[in-house]
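Open the model in your viewer and keep the selection panel at hand. The stops below go one selection at a time.

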Amino acid sequence: MPKVLRVLAIVAGVLVGVVVIAVIAVFAISGSNLNRTFEVTGDDLDIASVTDMEEAERLYISRGCAGCHGADGAGGILADDPAIGRIVSTNLTTLDYTPAEYELAIRHGLHPDGTPMLIMPSEDWITYSDEEIAHIIAYMETFEPVENDLTAQQIGPLGRFLIATDPGSLLPAYTIDHSLEAPATVEAEVSVVYGEYIGQLCMGCHGDNLAGGPVPGEGPDAPPASNLTPSESGIAAYTEEDLFASLREGIRPDGSALDPAYMPWPSFSQLNDTEISALWAYLQSIDAVENEY
Ligand code: HEC
Ligand code: HEC
């Protein structure tokens, strides 16, 4: 074999070896990140004291659960992408969890065995009151069992790579401060403080400062989340009525429609007047950021 070919063969062999080692490393590290157990115990919330089932249903919908698990709780396929994987939201109607196991899933993003759950944005609810979470659990316990044999989660090569290099991007339990203490109850009133509490529901997509940008986990075709700060490029031109119209009817002040596949306004249409007015007070109070989204 001519010398140059021999050198090329060695280089190619080394490259193949490096790729094989990298693939093995990504599988090993992502596997260990998926199987890590977090030392967190669920709170045994008082479900028996929940009596207002209409309010329980409203909370299940308006806090965003129905958007991924369905109004009937049957779950479904959220994403089916060869690179990221097939992500399934659990069928909640046939789960047999204790209140503490439900609490661990909702507030901490952990399965009963302490391993991290995929995608579900538990950071939104880690500080939601015991009273609210108890209502949501009580509502889930009323679901009629639905046959919905969902295939197991399948994580694709890009999903594996993300979990190996930045586990918090797909496993929210890695980014949550599990020591945060949730209040027993919150005062529902038109105040900036209560508006910030409700505003937690918006931050997963619109960002912690609500200045908008690409939505984490969405593909390149998805619209970015809008800038909700009181700036020119944000919603400075909105009135409180405009905020109500965007959340209740999914329309912008110029009459254009918000796509419910990306902006889950049908869930937020169940926010009550106090919650939306408090949100308005909060959105008026935050820093104006110029950001063309
Ligand atoms: C963005 C989508 C999304 C939203 C919103 C969401 N979930 Fe989930 N949920 C998921 C996915 C995905 C799983 C499966 C996670 C896994 O198997 O790793 C899941 C799993 C669960 C589980 C089962 C946990 C387990 O041990 O397997 C429960 C219980 C649950 N969700 C309750 C809720 C409740 C209550 C809400 C609202 C407060 C909610 N979810 C909102 C996506 C979501
Ligand atoms: C799952 C992601 C997601 C969540 C959660 C979310 N949004 Fe959005 N929102 C979007 C996206 C994406 C857009 C842009 C939609 C489009 O361009 O059609 C948007 C647009 C908007 C707009 C329109 C702004 C404009 O351009 O005039 C308003 C108002 C809004 N969201 C308010 C909220 C509020 C308030 C919350 C919390 C209660 C919230 N959103 C939660 C994704 C989200």
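Start at ligand 2. This is a predicted model, so treat each stop as a view of a prediction. Select the shell around ligand 2: helix 7 (192-206) and helix 8 (240-248) each supply at least two of its residues. Helix 7 provides the largest share, 5 residues. The shell counts 21 residues, and Cys 202, Cys 205, Pro 223, Ser 226 and Met 263 come nearest to the ligand. Colour the shell by class and you get 15 nonpolar, 4 polar and 2 charged residues.

Next, select ligand 1. Here 25 residues surround the ligand. Show side chains for Cys 65, Cys 68, Met 117, Leu 118 and Met 120, which are the closest. Helix 3, strand 2 (85-89) and helix 4 (99-108) are the elements that give two or more residues to this shell. Which element gives the most to the shell around ligand 1? Helix 3 does, with 4 residues. By class, the shell around ligand 1 has 17 nonpolar, 7 polar and 1 charged residues.

Now zoom out to the whole chain. The C-alpha trace spans about 80 × 50 × 35 Å along its principal axes. Switch to cartoon: there are 10 helices and 3 strands. Walk along the sequence and the order reads α-α-α-β-β-α-α-β-α-α-α-α-α.

Colour by domain. The domain assignment gives domain 1 as 7-184 and domain 2 as 192-285. Their C-alpha centres lie 24 Å apart. The contact between them takes 12 residues from domain 1 and 10 residues from domain 2. On the domain 1 side, look at helix 2 (53-62) and helix 3 (65-69), the elements that give two or more residues. Helix 2 gives the most to that side, with 3 residues. By class, the domain 1 side has 4 nonpolar, 5 polar and 3 charged residues.

For the last stop, select helix 1 (residues 3-35) and helix 6 (residues 157-165). Their packing angle is about 65 degrees, and their axes are 8 Å apart. Helix 1 and helix 6 are therefore roughly perpendicular to each other. Is the crossing of helix 1 and helix 6 left-handed or right-handed? The crossing is left-handed. On helix 1, pick Val 26, Phe 27, Ile 29, Ser 30, Asn 33 and Leu 34. Their partners on helix 6 are Arg 160, Phe 161, Ile 163 and Ala 164. The residues of this contact divide into 7 nonpolar, 2 polar and 1 charged.

Methods. Residues are numbered from 1 along each chain as its sequence is written. Chains are lettered from A and ligands numbered from 1 in the order in which they are written. This is a predicted model: local features need pLDDT of at least 70, side-chain atom pairs count only at pLDDT 80 or more; totals for chains, interfaces and linings use all residues. Axes are lines fitted to C-alpha atoms, for helices over the stretch in contact, and angles run from 0 to 180 degrees between N-to-C directions. Angles under 35 degrees count as roughly parallel, over 145 as roughly antiparallel, 65 to 115 as roughly perpendicular and the rest as oblique. A crossing is left-handed if the near helix is turned anticlockwise from the far one by less than a right angle, and right-handed if clockwise. Two residues are in contact if their C-beta atoms, placed from the backbone, lie within 7 Å. Ala, Val, Leu, Ile, Met, Phe, Trp, Tyr, Cys and Pro count as nonpolar, Asp, Glu, Lys and Arg as charged, and the others, Gly among them, as polar. A residue is near a molecule or strand if its C-beta atom, placed from the backbone, lies within 6 Å of it. Domain bounds come from an automatic or database domain assignment.
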